[in-house]
Amino acid sequence: MCGILACLNYNVKRERSYILQVLFMAFPPQSRLSPGRQHRVPRQIQDDATDLNLEESFLTHARIAHTGWVTHGEPAPRNSHPQSSGAENEFLVVHNGVITNHEENAVCFPGRHLYSVHSVLEMEVEQIIKGNYEHFMQKEIHEQLEFLTTTARGRLIRGGTCKAKTVLLGGLKDHLKTIRRSRRIVFIGCGTSYNSALAARPILEEISGIPVTMEIASDLLIRQGPIYREDTAVFVSQSGETADTLHALEYALQNGALCVGITNTVGSAIARNTHCGVHIKADAEAWRAPTQIVVMAMLALAIGGDAISNQARRDALVDCLSDLPNKVREVLELDREMEDLAKLLIAKQSLPIEGMLAGEMKHRPLALVDDSLPVVAITIYDACFRGDAAAVSCGGVCRVIEVPQVEDCLQPVVNIVCLQPYHYAVLTIFPF
């Protein structure tokens, strides 16, 4: 697993050999180094540092170390950490990731002239974090473009030496053949993670050709539901530490299933204990459902391989995933329409939220609907509906907001932008 250690000692005398030893011991042997290399690395560094006096002592010293694997480019000193400002080592930099996602990284700058590095901030911390947005919720809504871009970055293959459009999920490449031979794929999660998998199930079945079932983690454990050696069990958890999901993972491992993790936290319990997985690469808690759906759509493409029968469909999905941030940007431009709609809804006596399939409305729930109850219908252009805005407006008595059309399995990612009740919340708290 990736990791960074940074430590500063003041007025504590230590020899250089001791400092190096602490750095090497800071990371466990199971770090992502192949067997046989784990014990060779310290010796190799010592061999490369023959001009250093290991017995030299320092009264005040900073030390930094980084362990991980090369994700961009070949293994080489210029692609390794720490990275120096120059021959004089005025300062050194260790960062966990690549410069394209620098905002998520913790950066350590120990140097001989460090306390001369400073700045004066004449604003509140909250203002720095919130930026130019009125509220944090509004900021998170607009950051969705960045999250989608980061989640897909480096994973969509379009053109080049590869004739077909596809995705590259490095965390799965050694297990794809096993997944493709699975008897079924079982998605296991809780709350939002379960619902994200539910939304992605159709495309997974279509592209992979493998039956997909869903399990709520706690219910699976209570029932002791069947999990087989021929199954691939996919565990979805934003934090990677969800208790029920972790217990379900232990249960699946005991039953011999191949276990795949979809998490947003490198080094989490689910990331450590599954056989393989995919990192969502989004912010800690922000906009979890859409980014999870995007990852599961890419998972479907990776499992689907290069079957000629669905090549056109896969090409369309790759193009759609690439253009998805632009479609979300178009929805964000409907902000004024969403604010007007919120002003209409705020006058209603109540606004209960209960989501259900349209086909289920006629089985009792429809009896609860009267003239005072707001109903939001999400209509997708698919095999069941080929109409237009006028076809769903019921003689003009309904308010219709049209969003960009994308591939059906990714339509929820676009639709959910309109379903986030930012303006309604603002009007509720600040009604005047």
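1. Helices (H or I, at least four residues) and strands (E, at least two) are DSSP runs, numbered from the N terminus. Four bridges join E12 to E13, and the two run parallel; two strands count as paired if DSSP finds at least two bridges between them.

2. A word on what you are looking at. This is a predicted model, in which local features need pLDDT of at least 70 and side-chain atom pairs count only at pLDDT 80 or more, while totals for chains, interfaces and linings use all residues. Residues are numbered from 1 along each chain as its sequence is written, and side-chain values use heavy atoms, leaving out hydrogens and water.

3. Now widen the view to the sheet. Five strands make an open sheet with parallel pairing, in the order E10-E9-E11-E12-E13. E10 and E13 (276–279) stand at the edges with a single partner strand each, so one side of each is left without a neighbour in the sheet. From one strand to the next, the twist averages 20 degrees. Strands of a sheet pair through backbone hydrogen bonds, either parallel or antiparallel.

4. Have a look at Thr-263, which belongs to strand E12 (residues 258–263). With a relative accessible area of 5%, Thr-263 is buried; buried means under 20% relative accessible area, exposed over 50%, and partly exposed in between (1.4 Å probe, protein chains only). Setting aside neighbours within four places in sequence, Thr-263 is in contact with residues including Ser-237, Gln-238, Ile-270, Val-278 and His-279, where contact means heavy atoms within 4.5 Å. The side chain of Thr-263 also reaches the backbone nitrogen of Thr-265 at 3.4 Å.

5. Two helices lie across strands of the sheet. Helix H7 lies across E9, E10 and E11, running at about 175 degrees to E10. Helix H9 (residues 243–254) lies across E9, E11 and E12, at about 165 degrees to E11. For these angles, axes are lines fitted to C-alpha atoms, for helices over the stretch in contact, and values run from 0 to 180 degrees between N-to-C directions.

6. H7 deserves a point of its own. This helix (residues 191–208) has 18 residues and reaches 25 Å from its first C-alpha to its last, close to the 26 Å expected at 1.5 Å a residue; the expected span is 1.5 Å times one less than the number of residues. Where does H7 have a kink? The kink, of about 45 degrees, lies at Ala-200, shortly before the proline Pro-202. The bend at a residue is the angle between axes fitted to the seven residues ending there and the seven starting there.

7. Among the buried residues of H7 are Tyr-194, Ala-197, Ala-200, Leu-204 and Ile-207. What covers the buried residues of H7 includes strands E9 (184–189), E10 (212–216) and E11 (231–237), along with helices H11 (288–304) and H12 (311–332). Just after H7, Gly-209 takes a positive phi of about 75 degrees.

8. Which phi does Gln-224 have, positive or negative? Gln-224 has a positive phi of about 55 degrees although it is not a glycine. Gln-224 sits in the loop between helix H8 (217–223) and E11 and is partly exposed, with a relative accessible area of 49%. Arg-364, also not a glycine, has a positive phi of about 80 degrees. Arg-364 lies in the loop between helix H13 (335–345) and helix H14 (411–419), and at 75% relative accessibility Arg-364 counts as exposed.

Technical notes:
Polar contact = N/O pair within 3.5 Å; in protein donor to acceptor, adjacent residues only side chain to side chain.
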